[in-house]
Amino acid sequence: MSCKILRSLAFILAVCTASTWTTPVCAQATAAKQPNIILILTDDQGYGDVGRHGHPVLETPNLDRMYDQSVRFDHFYVSPSCSPTRAALLTGMHEFRNAVTHTLEPREHLYKDAVTLPQLLQGAGYQTGWIGKWHLSYRPGYEPSKRGFDWTATNPQGPRNHFDVEIIRNNKRFPSKGFREDVYFDEAMTFIDQCGEQPFFLYLCPYSPHTPLDAPEALVTKYLNKGLNKTHATYLAMIENIDENLGRLDAFLEQRDLDENTIVIFMNDNGVTEGLDVYNAGMRGCKATVWQGGTRALSFWKWPGQWKPQTVDRLTAHLDVLPTLCQLAGVEIPAELQSEVQGFSLLPLL
């Protein structure tokens with residue numbers, strides 16, 4: 001065997017060993033204290049709908065700052081529509097294994113025996129919370145409170161109600177004031193405060209910028225004044241509102257001295273919708289297509305003082321979230337589940 005071939009084999013072995021992508025599971029936490037975890041998943045925001053990805057109109061200063069502070073998985077892929085992506089995030093399985101293949105009943109029902117990420121984290125002492133959109137069925141036995149979440153909060157009629165919504169928190173109803181996503185982020189901070197010293201996992205799922213569109217008037221006017229039509233102006237206003245709330249959440253974590261031990265992850269569930277004709281980062285396709293415009297997603301992972309900000313070009317996906325977060329939390333995936341999980345831990349890349 002030639003020296004050139006031997007060097008090539010040695011290089012391949014070194015890369016495989018360094019990346020440790022030979023197993024999808026791992027059991028050791030990377031820090032003595034378990035990190036808090038916040039996973040923010042927006043609904044129908046496109047990969048290009050952020051300033052750092054070159055959007056010519058949209059203003060997202062807080063997302064841009066998070067981009068600068070994060071590990072950015074720039075070739076991160078999700079399913080072409082929301083329910084399959086959500087099921088993959090919670091199970092580490094592709095839609096053809098977890099059986100969630102559509103957004104309509106019954107094909108958005110995540111089967112009752114599925115072991116979910118929050119259930120695994122509960123076993124490691126985490127307080128688990130879900131806020132916002134679910135879309136994996138509210139039928140008896142399928143609702144978030146039965147899938148591993150200690151704290152649940154959402155509003156009736158989901159994306160159809162935007163202002164002064166009724167909130168259902170842990171099966172109790174109460175009125176709220178203001179824009180829906182502002183209320184969701186208020187709920188997030190309430191959940192975090194009640195966790196005390198217990199590590200927490202928060203799955204925060206805004207409906208924005210899903211249709212029907214609506215947003216605070218001042219933000220809509222801002223984009224109308226940039227020459228956009230009402231649809232495009234409202235769509236971008238909904239994203240800027242999320243950006244504002246991200247800034248509020250960052251400030252809250254700093255005030256509570258939680259920022260250094262809290263991992264914040266920001267991603268979207270599928271490709272662009274109403275913003276397609278404004279900007280799509282040079283990609284073909286949109287939501288519900290298998291082209292890049294339908295499946296390539298934002299994926300920003302921030303842990304101050306632990307991860308060096310950088311762009312990672314390796315192919316990654318929603319399937320990788322569960323094994324990664326389990327490894328970070330010190331959760332051993334049960335042996336009977338290991339053959340079912342199809343993702344890989346991203347910790348070597350982080």
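Mentor: Start with two helices, α2 (residues 61-69) and α8, whose axes come within 7 Å and cross at roughly 60 degrees. Keep in mind that this is a predicted model.

Trainee: Is α2 oblique to α8, or roughly parallel to α8?
Mentor: The crossing is at roughly 60 degrees. That makes α2 oblique to α8.

Trainee: Which residues meet there, between α2 and α8?
Mentor: From α2, they are Pro61, Asn62, Leu63, Arg65 and Met66. On the α8 side they meet Asp243, Glu244, Leu246, Gly247 and Asp250.

Trainee: What about α6 and α8, at what angle do they pack?
Mentor: About 20 degrees, with the axes of α6 and α8 9 Å apart. Angles under 35 degrees count as roughly parallel, so α6 is roughly parallel to α8. The crossing of α6 and α8 is right-handed.

Trainee: And which residues of α6 and α8 make the contact?
Mentor: The α6 side includes Arg180, Glu181, Asp182 and Phe185. The α8 side includes Met238, Asn241, Asn245 and Phe252.

Trainee: Let's zoom in on Asn245. Is Asn245 buried or exposed?
Mentor: Buried. Asn245 lies in helix α8, and its relative accessibility is 1%. Buried means under 20%, so Asn245 counts as buried.

Trainee: What does Asn245 touch?
Mentor: Glu181, Asp182 and Phe185, leaving out residues up to four places away in sequence. Asn245 and Glu181 are 64 residues apart along the chain, and their C-alpha atoms are separated by 7.8 Å.

Trainee: And Asn241, buried or exposed?
Mentor: Asn241 counts as buried, at 1% relative accessibility. Asn241 is found in helix α8 too. Residues up to four places away aside, Asn241 touches Phe179, Glu181, Asp182, Pro216 and Leu219.

Trainee: Back to α6. What about Gln194, where does Gln194 lie?
Mentor: In helix α6. Gln194 is partly exposed, with a relative accessible area of 37%.

Trainee: What is Gln194 in contact with?
Mentor: Gln127 and Trp151, once neighbours within four places in sequence are set aside. Gln194 and Gln127 are 67 residues apart in sequence, with 9.6 Å from C-alpha to C-alpha.

Trainee: New topic: aromatics. How many aromatic pairs does the structure hold?
Mentor: Twelve. Take Tyr184 and Tyr207. Their ring centres are 6.4 Å apart and their planes are at 40 degrees, so the pair is tilted.

Trainee: Why does that pair tie together parts 23 residues apart in sequence?
Mentor: Because Tyr184 lies in helix α6 (residues 180-195), while Tyr207 lies in the loop between β7 (200-205) and α7 (217-224).

Trainee: Are Tyr184 and Tyr207 buried or exposed?
Mentor: Tyr184 is buried, and Tyr207 is buried as well.

Trainee: Which residues form an aromatic cluster?
Mentor: Trp130, Trp134, Tyr138, Phe149, Phe201 and Tyr203 form one.

Trainee: Which charges sit over rings? What about Arg180?
Mentor: The charged end of Arg180 sits over the ring of Phe179, 5.9 Å from the ring centre. Elsewhere, Arg72 lies over the face of Tyr67, 4.4 Å from the ring centre.

Trainee: Now the backbone. Is the peptide bond from Ser208 to Pro209 cis or trans?
Mentor: It is cis, with omega near 0 degrees. Pro209 is found in the loop between β7 and α7.

Trainee: And the bond from Thr211 to Pro212, cis or trans?
Mentor: Cis, with omega near -5 degrees. Pro212 also lies in the loop between β7 and α7.

Trainee: What is phi of Ser137?
Mentor: Positive, about 90 degrees, although Ser137 is not a glycine. The residue sits in the loop between β3 (127-132) and β4 (151-154). Ser137 is buried, with a relative accessible area of 3%.

Trainee: And Ala288, what is its phi?
Mentor: Near 75 degrees, a positive value in a residue other than glycine. Ala288 is in the loop between β8 (262-268) and α9 (292-295). At 61% relative accessibility, Ala288 counts as exposed.

Terms used. Residues numbered from 1 in each chain as written. Predicted model: local features only at pLDDT ≥ 70, side-chain atom pairs only at ≥ 80, totals over all residues. Heavy atoms only, no water. Phe/Tyr/Trp six-rings, centres within 6.5 Å; stacked < 30°, edge-to-face > 60°. Helix = DSSP H or I, 4+ residues; strand = E, 2+ residues; numbered from the N terminus. Buried < 20%, exposed > 50% of the residue type's maximum accessible area, 1.4 Å probe, protein only. Lys NZ or Arg CZ within 6 Å of the ring centre and 35° of its normal. Axes fitted to C-alpha atoms, helices over the stretch in contact; angles between N-to-C directions. Parallel < 35°, antiparallel > 145°, perpendicular 65-115°, else oblique. Left-handed = near helix turned anticlockwise from the far one by under 90°. Contact = heavy atoms within 4.5 Å.
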